[in-house]
Amino acid sequence: MSIESPESPVSPSEGSTEESTSAPSRRTFIASTTAVGGAVVAGGLIAGPSVFGAEPADAAEAPPGSRVSLTVNGTRHTVTVDNRTSLLDLLREHLGLTGSKKGCNAGACGACTVLVDGRRVNSCLTLAVRLDGAEVTTIEGLAKGERLHPLQQAFIDQDAFQCGYCTPGQIMSGVGCIEEGHTGSPAEIREFMSGNICRCGCYVKIVRAVEQTAHGK
């Protein structure tokens, strides 16, 4: 009986060596793929336009402006302003008339009240470019030299202010209220002055000041 010699066993190390030379391991494949992908992405970021390094856009065009001529407190002014400029900003920033106050800047407090062609307006809501040819009166234009307007004097007489921030708007609104003929009673004055807010709560004395001016009380 013949005895066949068994085949020499192949060690795992020999088999894995041959396999590794023909195909990469899973770990090697993932590592090499990630490296290649990263290089491609990096190359794309370098070669392509970068969001963060984009060329700066052309300078924004200047906002449209207009030339407007109006008379303020008896003096004619001609200025070129941004079409979005309010009358309040024109008065304060361009003409240096800071008596009109910027309170809420939304037309709710009345601190910016001025007269335009004799009518009360909230200057913070009024576009300056719409007033070409208009006549504007601010708190600075009421007094005649050292002589106060009667309502200004009445505010002093009646002690109708505390902090004074709303006072210019209150006085301008009061002048308009008197000229409009809405001073028949304290209730009517309160109604037609209701757009002017006094945070110090001087409403009673403000009404008295308007009454004093309107009726000589």
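1. pLDDT is the predictor's confidence in each residue, from 0 to 100. The chain of this predicted model averages a pLDDT of 84, and 72% of its residues score at least 70. Over residues 12-20 the pLDDT is below 50, and this stretch has one contact (heavy atoms within 4.5 Å) beyond near neighbours in sequence. Residues 39-43 likewise have a pLDDT below 50, with one contact beyond near neighbours in sequence.

2. On conventions, residues are numbered from 1 along each chain as its sequence is written. Because the model is predicted, local features need pLDDT of at least 70 and side-chain atom pairs count only at pLDDT 80 or more, while totals for chains, interfaces and linings use all residues; side-chain values use heavy atoms, leaving out hydrogens and water.

3. The chain contains seven helices and five strands. From the N terminus on, their order is α-α-β-β-α-β-β-β-α-α-α-α. Of the contacts between residues at least 6 apart in sequence, 55% join residues at least 24 apart.

4. Of the 217 residues, 30% count as buried. Buried means under 20% relative accessible area, exposed means over 50%, and partly exposed lies in between (1.4 Å probe, protein chains only). The chain exposes about 13900 Å², of which carbon and sulfur atoms supply 54%. Accessible areas come from the Shrake-Rupley method with a 1.4 Å probe, and for residues only the protein chains shown count as cover.

5. Helix H3 spans residues 87-94. Its buried residues are Leu 87, Leu 88, Asp 89, Leu 90 and Leu 91, and they pack against E1, E2, E3 and E5. After H3 comes Gly 96, with a positive phi near 70 degrees.

6. Ser 123 is located in the loop between strand E4 (119-122) and E5. Is Ser 123 buried or exposed? Ser 123 counts as buried because its relative accessibility is 0%. Not counting residues up to four places away in sequence, Ser 123 touches Ser 86, Leu 87, Leu 88, Cys 112 and Val 114. Leu 87 and Leu 88 are among the buried residues of H3.

7. Asn 73, in the loop between strand E1 (65-72) and strand E2 (75-82), has a positive phi of about 55 degrees although it is not a glycine. Asn 73 counts as partly exposed because its relative accessibility is 27%. Asn 105 has a positive phi near 60 degrees and lies in the loop between H3 and strand E3 (113-116). Its relative accessibility is 40%, so Asn 105 counts as partly exposed.

8. The largest pocket holds about 160 Å³ of space. A pocket here is an open set of points on a 1 Å grid over the protein atoms alone, where a 1.4 Å probe fits, with protein on both sides within 12 Å along at least five of seven lines; lining residues have an atom within 4 Å of a point. The lining includes Leu 115, Leu 142, Ala 143, His 149, Val 175 and Glu 179.

9. His 149, one of the lining residues, sits in the loop between strand E5 (135-137) and helix H4 (150-157). Leaving aside neighbours within four places in sequence, His 149 is in contact with Leu 142, Ala 143 and Val 175. His 149 and Val 175 are 26 residues apart in sequence and 9.4 Å apart in space, C-alpha to C-alpha.

Notes:
Helix = DSSP H or I, 4+ residues; strand = E, 2+ residues; numbered from the N terminus. Points joined across faces, edges and corners; volume = space filled by probe spheres on them.
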